[in-house]
Amino acid sequence: SMRMAGTSVWRSMLAALAAAALLGCREDIAAPGQCPSLCPSADVELVDTTLTGVVVSDTSVRGFVVPHEAAILVASTLDSLKSLVLVRFPPLDTVFRVSGDTTPVRIGSYDSVTVELTMRQRDTAAKDLRVLLVRLPAGTDTTATYATALPFFADSLIVDSIVVADSVLAATLHQSWAESVAVARLLPQAGDSGKVALGIAIRAASPTAVSFGALDLSGAPPRITYWAWGVRGAAPNDTLRQAISRSPAFDTFVMTPVPGAPPAGVLQVGNLPSARTLLRVDIPRRLLDSTSVVRGTLVLTLTRPATGRPGEVFDVEARPVIRDFGGKSITASDTVVTGLGQVTVGQTGPVEIEIGRILRFWRNPAADSLPRAILLRSRLEGAALGEVTFAGRTAGVAAPLLQLTFVRPYAFGVP
């Protein structure tokens, strides 16, 4: 019958498979290493190489953050930098209001005034540090220069000299403190429309620099507080006292020398006004598309020691360019693709920036901007004085170079 014939066929097939097994004809799927066509012919191979001439175009531009936009106010007596802080406060009110009362109280007099400063960056080795306060013209603005401001800092014009305690210098965090000043010296002068402008300088046993908090970004600008007296009503003529606090309407610092454009063939990053450098690079396509980059180090050769506040440590940041508009290029700001190189003021050795993340980012065609480019800037742009000056692409052996470590493509075996 049909059923019996089908059963006979299946039994014949099973017998043939059993015989093949007895003869050792089998494929070991659990041991792919026995199949050379499916396995690499060698172990993973790491390759180190140095690429020169990868920078095909470079340029430095200065002025992205200027002193009156910065997050710090720098007072300095360094041999390489002299600077003074200028602060203008808004007009003082002629009245103040008391909670729960809609009638303003006219100010009759002031009995005390304090100036509050926040020290953000300082040289902890400085000795006998003092902060000097002077009066400035109420119209002080961005047109001021070091030369025009300096005459107001003559010893005979000093309003107060504040001794900075060692505990303030040694504090590990930003340190704020307030000092009382003779009230008459800080009252608005006739014709100033209630405005007060102050100049801030420093002195110490040796040249040094201090950064104070500024109005922009830092959230801890210089502050002036007046304690005012007033009389409310005709009777019973209550005498009231209130604190009137002011943050700056404008603040900046003026310096000499003012950083300018670097010499031809030299590039700069950092300082204030801040400088940025754009490097357009040409990296062999096979190294990005056909290898796995483990490490990529951009090496910059300094043409002079790194400058800045004594003891300052800062980072040079490398960002891949998405749209190339020179110094104002649009970059990828995500830290996942950002490279950093740490620099210490006074450093003379090369600056090394790890850009392996950028090279791996460029494997994605959608992230490309051709020619590929890297923007170098200070990580704390506008909040630090650190600056590096390094050789450009035409400097021969001193030109920027790229050290790569990558994995060669797998060479698959054959049967």
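1. Valine 183 is placed in the loop between strand S9 (175-181) and strand S10 (196-203); helices (H or I, at least four residues) and strands (E, at least two) are DSSP runs, numbered from the N terminus. Leaving aside neighbours within four places in sequence, valine 183 is in contact (heavy atoms within 4.5 Å) with Tyr110, Asp111, Ser112 and Val113. Valine 183 and serine 112 are 71 residues apart along the chain, yet their C-alpha atoms are separated by 5.2 Å.

2. The basis of this note is a predicted model, in which local features need pLDDT of at least 70 and side-chain atom pairs count only at pLDDT 80 or more, while totals for chains, interfaces and linings use all residues. Residues are numbered from 1 along each chain as its sequence is written, and side-chain values use heavy atoms, with hydrogens and water left out.

3. The protein has five helices and 24 strands. Of its 415 residues, 45% are buried; buried means under 20% relative accessible area, exposed over 50%, and partly exposed in between (1.4 Å probe, protein chains only). Among contacts with a separation of 6 or more, 81% are between residues 24 or more positions apart.

4. The largest nonpolar core has 46 residues, and those with the most contacts inside it are Met119, Val131, Trp177, Leu186 and Phe212. Such a core is a set of buried Ala, Val, Leu, Ile, Met, Phe, Trp, Tyr and Cys residues joined through side-chain atoms within 4.5 Å. Strand S6 (residues 105-122) supplies the largest share of this core, six residues. A second, separate core of 33 residues includes Leu51, Ile283, Phe390 and Leu402. In soluble globular proteins, nonpolar side chains tend to be buried together.

5. Phenylalanine 212 deserves a separate entry. Apart from neighbours within four places in sequence, its contacts include Leu73, Leu117, Met119, Val131, Trp177 and Ile202.

6. Four bridges join S17 to S21, and the two run antiparallel. Leucine 298 has isoleucine 353 in S21 as its bridge partner. Threonine 297 is in strand S17 (residues 292-300) and is buried, with a relative accessible area of 6%. Its side chain makes a polar contact with the side chain of glutamate 354 (3.4 Å). A polar contact is a pair of N or O atoms within 3.5 Å; within protein, one must be able to donate a hydrogen and the other to accept it, and residues adjacent in sequence count only if both atoms are side-chain atoms.

7. A cis peptide bond joins threonine 256 and proline 257, with omega about -5°. The bond from leucine 272 to proline 273 is also cis, with omega near -10°. Aspartate 128, although not a glycine, has a positive phi of about 55°; this residue is exposed, with a relative accessible area of 61%.

Terms used: Pairing = 2+ DSSP bridges.
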